[in-house]
Amino acid sequence: MTDDTRSEAGPGANADPRDRRGSRHKDTLVGHAARDPVRFSGMVNPPVYRGSTVLFEDTATYEGRDPDDYKVMRYGVHGTPTTFAFEAAVAELEGGHAAVAVPSGLAAITAALSAYAKKGTHLLVTDSAYGPARNFCDKRLAAWGVDIEYYDPAIGSGIGALIRPQTCAVYCEAPGSMTFEMQDIPAIAAAAHAKGVPVLADNTWGTPYFFRAFDHGVDVSIHAGTKYIAGHSDTLIGAIVTNEAQWLTVRRSVADFGMCVSPDDCWLALRGLRTIGVRMRHQMESALAVARFLEAHPRVSRVLFPALESDPGHALWKRDFDGAASLFGVVLKPATDASVVAMIDSLQLFGIGSSWGGYESLAIRAKMITRTATPWHPEGPMVRIHVGLEHPRDLIDDLEQGLARLSML
Ligand SMILES: *Cc1c(COP(=O)(O)O)cnc(C)c1O
């Protein structure tokens, strides 16, 4: 373990003040947040509550219910005690005011963006955004009359110059999907807030465990809970966490779309969240070992991973993040397409498939990268690696035999 990973003191003993949430360490919090055993017959975890109709005592109580109180039992679509426990735990860990569970990470993006982007407004989106987020902006929001402007992810406080009177929000993602470029989120947030514009960020890579979005100026934090939060490749779920000022704007948007999540999926995601710390710290260490091996390999041009000292985003990552996800990009030296496919197909321990954040390693080609504001021309083919909980030595051996299959150009 190295200084950069800030985990040499071991679980629970870390002296980094960023690991402390209020008076308690975040590892304590992740185990205790939003638990209420007295309510659930002493059970450690909340049961799975199934139900649509919620019955009220009398007409006055039924008719007097507060439409803006989304944390009481009203109707199944707005959540159950299982949903509320998951939402409260995520919000508490990230340091937000409240969270709402949605059916997927993409649903979290679309519901959050739709809360702000209205006809005639202008939306600033990082050029490094997750592909389907871009697609939603270009195919849906644009058709609804929203002016979408993509900006250089490295813009920092320069975002201020792009803000117009009609700007409804600034959308960030750090590091960016596929290209892993860091963003100076505090600088962007300061410039946006100076003009009264809220900042939305996809924090799927950072997670509530490794990036305290609200401490860095984010107003609305978006998560694909499908990834590290659920953590076992068995659930699709999203979460939107907000500060107090943005809560009703976002929560009403989710309600207007009729989005809701099954209690089973909330239960699984909450179960996953309880172990996010041990999994992520372990996966980060393994990812660093694998990334360092790749970085030193003669067939690799560079590794796109802000946790590496060589990464251009390292200083920002080190300043703002408490750790790194185990997902990174690899730019190979020029090699034939067929041999890159042969390399990936030869891997025994890396699955080929979408998503990440589970316990298992994955490898895919990173081919479809759309850019409109800033160029992206890697010097060779790109591969995206997710490092799971396998032993890094075995993963490195597997990659070593795979890299031997490359036919260099
Ligand atoms: C996977 C992913 C999403 C979407 O999550 P789903 O649950 O698969 O819809 C959103 N943002 C990022 C950065 C992702 O990697």
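## A buried pair

Asp322 is buried, as is Lys26, where buried means under 20% relative accessible area, exposed over 50% and partly exposed in between, with a 1.4 Å probe and protein chains only. These two residues form a salt bridge whose closest N and O atoms are 3.7 Å apart, the term standing for a side-chain nitrogen of Lys or Arg within 4 Å of a carboxyl oxygen of Asp or Glu. Because Asp322 sits in the loop between α11 (314-320) and β11 (327-332) while Lys26 belongs to helix α1 (residues 26-32), the pair ties together parts that are 296 residues apart in sequence. Helices (H or I, at least four residues) and strands (E, at least two) are DSSP runs numbered from the N terminus.

## Basis of the values

This is a predicted model, in which local features need pLDDT of at least 70 and side-chain atom pairs count only at pLDDT 80 or more, whereas totals for chains, interfaces and linings use all residues. Residues are numbered from 1 along each chain as its sequence is written, and side-chain values use heavy atoms, with hydrogens and water left out.

## Two further pairs and a network

Asp27 forms a salt bridge with Arg281, the closest N and O atoms being 3.0 Å apart; this pair links helix α1 with helix α10 (residues 276-295), 254 residues apart. Asp27 is partly exposed at 22% relative accessibility, whereas Arg281 is buried at 15%.

Glu379 and Arg302 meet through their side chains in a salt bridge of 2.7 Å, N to O. Glu379 lies in the loop between β12 (362-365) and β13 (382-386) and Arg302 in strand β10 (residues 300-304), 77 residues apart. Salt bridges that share partners also join Asp19, Arg21, Lys26 and Asp322 into one network, and the whole structure holds 19 salt bridges.
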